[in-house]
Amino acid sequence: MPPPRSQLRDDRPASFDPAAFVVLTVDMQGLAALLVPPVLMLFALAMERVQAGLDRLSVGRAHVEEFLDTADETDVGNLAKDGLPAALDELRQRRSNDETGDPVIPVDSDARNRAS
C-alpha cells in the first residue's frame with residue numbers, strides 16, 4: 001500500500017509558485033507571437049534578395065536558342081567544361097572579335113583554370 005499523499009516527498013523548491021509559472025508561460029507565448037512574424041518577414045526578404053541574384057545569373061530560353069543556333073564544336077566543348085554562361089560569353093566575344101576584324105585567339109579553359 002502506498003504511503004498517504006501527505007507523506008510523499010515534494011521535490012519542488014519551497015519558492016515554487018504554480019501561478020507564476022503559468023504567467024511566465026503566457027508571457028513567453030506572447031513574446032513568441034510578437035517575434036515570429038517579423039523574423040519570418042526578414043527571412044522572406046532575404047530569400048527574395050537571394051532569388052534576385054540567382055535570376056541575374058540564370059540563362060534564359062532565348063540565350064539557349066541563340067547558343068544552339070550558332071554554336072560549333074569548340075563552343076560545345078566549352079559548354080561541357082564551363083557551363084552555358086561561360087560558353088555563351090566566349091561565343092559572343094569571338095563573334096564580336098570577328099566583326100571588328102581583330103584576330104581570334106582561342107582560349108584554352110584549362111590554361112585559364114591553371115592560371116587562377
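Met-28, Leu-31, Leu-34, Leu-35 and Val-39 make a nonpolar surface patch of about 510 Å². The model is predicted: local features need pLDDT of at least 70, side-chain atom pairs count only at pLDDT 80 or more, and totals for chains, interfaces and linings use all residues. Residues are numbered from 1 along each chain as its sequence is written, and side-chain values use heavy atoms, with hydrogens and water left out.

**Nonpolar patch**
- Patch residues have over 30% relative accessible area and no salt bridge; nonpolar side chains (Val, Leu, Ile, Met, Phe, Trp, Tyr) are joined within 5 Å, like charges within 9 Å.
- Leu-34, one of the patch residues, lies in helix α1, residues 18-57.
- Leu-34 is exposed at 63% relative accessible area. Exposed means over 50%, buried under 20%, and partly exposed in between (1.4 Å probe, protein chains only).

**Overall fold**
- The chain has 5 helices and 0 strands, in the order α-α-α-α-α. Helices are DSSP runs (H or I, at least four residues) and strands likewise (E, at least two), numbered from the N terminus.
- Of the 116 residues, 9% are buried.
- The chain exposes about 9,900 Å², with 62% of it supplied by carbon and sulfur atoms. Areas come from the Shrake-Rupley method with a 1.4 Å probe; for residues, only the protein chains shown count as cover.
- Take contacts (heavy atoms within 4.5 Å) between residues at least 6 apart in sequence: 35% join residues at least 24 apart.

**Salt bridges**
- The whole structure holds 3 salt bridges. Each needs a side-chain nitrogen of Lys or Arg within 4 Å of a carboxyl oxygen of Asp or Glu.
- Within helix α2 (residues 61-70), Glu-65 and Arg-61 sit 4 residues apart, about one turn of the helix. Their side chains meet in a salt bridge at 3.1 Å, N to O. Glu-65 is partly exposed at 38%, whereas Arg-61 is exposed at 69%.
- Glu-66 pairs with Arg-92 in a salt bridge, closest N and O atoms 3.0 Å apart. Glu-66 lies in helix α2 and Arg-92 in helix α4 (residues 84-100), so the pair ties together parts 26 residues apart in sequence. Glu-66 is partly exposed at 24%, and Arg-92 is partly exposed at 33%.
- Asp-72 forms a salt bridge with Arg-94, closest N and O atoms 3.6 Å apart. Asp-72 is in the loop between α2 and α3 (73-82) and Arg-94 in helix α4, so this pair ties together parts 22 residues apart in sequence. Asp-72 is partly exposed at 37%, but Arg-94 is buried at 18%.
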